[in-house]
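Q: Could we go through a few features of this structure together? I would like to begin with the strands and then turn to the helices.

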Amino acid sequence: MTALFSPAAEPLSVTLLVLAETSLMSLAATLDPLRAANRVAKTPCYRWAVVSIDGAEVFTSNRLRIAVDGALDPNRRCDLLVVLAAFHVLEHADARLLHAVRTAARNAGAVLGVEAGSWVLGLTGVLDGRAATTHWEDLEEFRTRFPAVDVKADRWVADGRFFTTGGAAPALDFMLSLIRARQGATLALDVASLYVYDGLRTGSEAQPSVALGEIAWREPRVTAAIRAMERHIDAPVPVATIARRVGVSTRTLEGLFLRTVGRTPGAFFLQLRLKAARRLLVDTRLPIGEAALRTGFGSTAALSRAFRREFGVPPSAARRASRAPS
């Protein structure tokens, strides 16, 4: 992978660059395992600095104020540069920031983009010709924006000295994998136990767009059907086809869905597509017609009718509301 994932006794120096509107969960999932590893090991395995582009405090997406250790010094050497971002990344990643990140990446032993931090790295060009991922909500848009990047739907992706994760939980998976590689499985498990976390997922596992909780083990046929729906958001397939793929009749699948999620498969699939459409309308500047096509609606009118029934407002109103100042 890189020297980053090799056993080491020397402390790893980490610089965490936090952009405005970063998810607090992603920041905590990336930073706190370093603290926990030091605490459990009773030795400084990791040293870190939390920085912003200008040294000013940063507000996370939930408006929590984050004090930083200073401004990013692009010329300062570190073992791992972590770029954390989430909402409205294209507004926050201006030319000054991209130039600084590009320089800082050259001076870092390895680089990690967390959630929309992958977008920042993509905008600098350092991911061209490499594999990468981002949050599952933005995978298609990311693929369109960065055609030179091999976009994966994995929880986290490694390519040379560049790493990317899909969000908070995959960031925690990445950090536990890093601790395991550098300090051993016992320490990684001890750190995971501090968070009562027993996932320890591999990076190559796919990101789910629906968190299924106990459904995943209680009714695997419903899980398989939902995962099939997720793969066909842009080109919906009939429920009968999905039923055949999971090895049950259409009637049986309908009964399973009603018992586990309270909706028929068709209604659940439609809701899944409408939620995807709403994310595109709220989080991107795609035309409404393009959002309709990407979520399997044949026209803007078809999306508008279904959208209003589900959310009570037309797509244009949902977009305006998301742009209104809070």
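Predicted model: local features only at pLDDT ≥ 70, side-chain atom pairs only at ≥ 80, totals over all residues.

Q: Which residue stands opposite valine 82 in β7?
A: Leucine 112 of β7 is opposite valine 82.

Q: How many bridges join β6 to β7, and in which direction do the strands run?
A: Strand β6 (residues 78-85) is joined to β7 by 7 bridges, and the two run parallel.

Q: What about β7 and β11?
A: Strand β11 (residues 162-165) also runs parallel to β7, with 4 bridges between them. Threonine 165 in β11 is the bridge partner of valine 114.

Q: Is β7 mostly covered or mostly open?
A: Strand β7, which spans residues 108-115, is mostly covered, as 7 of its 8 residues are buried.

Q: Changing topic: at what angle do α9 and α12 pack?
A: The angle is about 40° between helix α9 (residues 220-230) and helix α12 (residues 265-283), and their axes lie 10 Å apart. Because angles under 35 degrees count as roughly parallel and 65 to 115 as roughly perpendicular, α9 is oblique to α12.

Q: Is that crossing left-handed or right-handed?
A: The crossing of α9 and α12 is right-handed.

Q: Which residues make the contact?
A: Helix α9 contributes Ile226, Met229 and Glu230, while α12 contributes Pro265, Phe268, Phe269 and Leu272.

Key: Residues numbered from 1 in each chain as written. Heavy atoms only, no water. Buried < 20%, exposed > 50% of the residue type's maximum accessible area, 1.4 Å probe, protein only. Pairing = 2+ DSSP bridges. Axes fitted to C-alpha atoms, helices over the stretch in contact; angles between N-to-C directions. Parallel < 35°, antiparallel > 145°, perpendicular 65-115°, else oblique. Left-handed = near helix turned anticlockwise from the far one by under 90°. Contact = heavy atoms within 4.5 Å.
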